[in-house]
Amino acid sequence: DKVRKATTPNLKEKYEGDLKKEIKKLQRYREQIKSWASQSEITDKRPLLEARKSIERQMERFKVLEKESKTKKYSKEGLAQ
């Protein structure tokens with residue numbers, strides 16, 4: 001939401017940079033959860049799978065926002081929105 005409501009290009013870039021840091025963190029968490037889920041010692045994998053799905057939903061939101069921010073205002077895609 002901050003990125004969409006940014007008033008200046010510099011502020012928007014700062015927020016996008018912050019989002020990129022967060023997506024990297026989410027990717028690390030997702031990989032950690034995958035490795036835990038692959039261990040045979042863990043019997044109930046449901047909480048891990050739910051956490052992974054939650055992380056992937058957040059990552060999907062980021063991907064949509066990133067695509068919107070990279071779409072040029074007057075391109076065919078931008079005008080179609």
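The largest nonpolar core here has eight residues: Ile23, Leu26, Ile33, Ala37, Leu48, Ile55, Met59 and Phe62. A nonpolar core is a set of buried Ala, Val, Leu, Ile, Met, Phe, Trp, Tyr and Cys residues joined through side-chain atoms within 4.5 Å. Buried means under 20% relative accessible area, exposed over 50%, and partly exposed in between, with a 1.4 Å probe and protein chains only. Two elements give two or more residues to this core, helix 2 (9-37) and helix 3 (46-70). Helices are DSSP runs of H or I with at least four residues, strands are runs of E with at least two, and both are numbered from the N terminus.

A word on the source. This is a predicted model, in which local features need pLDDT of at least 70, side-chain atom pairs count only at pLDDT 80 or more, and totals for chains, interfaces and linings use all residues. Residues are numbered from 1 along each chain as its sequence is written, and side-chain values use heavy atoms, with hydrogens and water left out.

Now some individual residues. Which residues does Ile55 contact, leaving aside neighbours within four places in sequence? They are Leu26, Tyr29, Arg30 and Ile33, where contact means heavy atoms within 4.5 Å.

Take Leu26, in helix 2. Not counting residues up to four places away in sequence, Leu26 touches Ile55, Gln58 and Met59. Leu26 and Met59 are 33 residues apart in sequence, and their C-alpha atoms are 7.3 Å apart in space.

Arg30 also lies in helix 2. Is Arg30 buried or exposed? Its relative accessible area is 19%, so Arg30 counts as buried. With residues up to four places away set aside, Arg30 touches Arg52, Ile55, Glu56 and Met59.

On to helix 3. Its buried residues are Leu48, Ile55, Met59, Phe62 and Leu65. Helix 1 (2-5) and helix 2 are among what covers them.

Last, the whole chain. It has four helices and zero strands, in the pattern α-α-α-α along the sequence. Of its 81 residues, 17% count as buried. Among contacts with a separation of 6 or more, 43% are between residues 24 or more positions apart.
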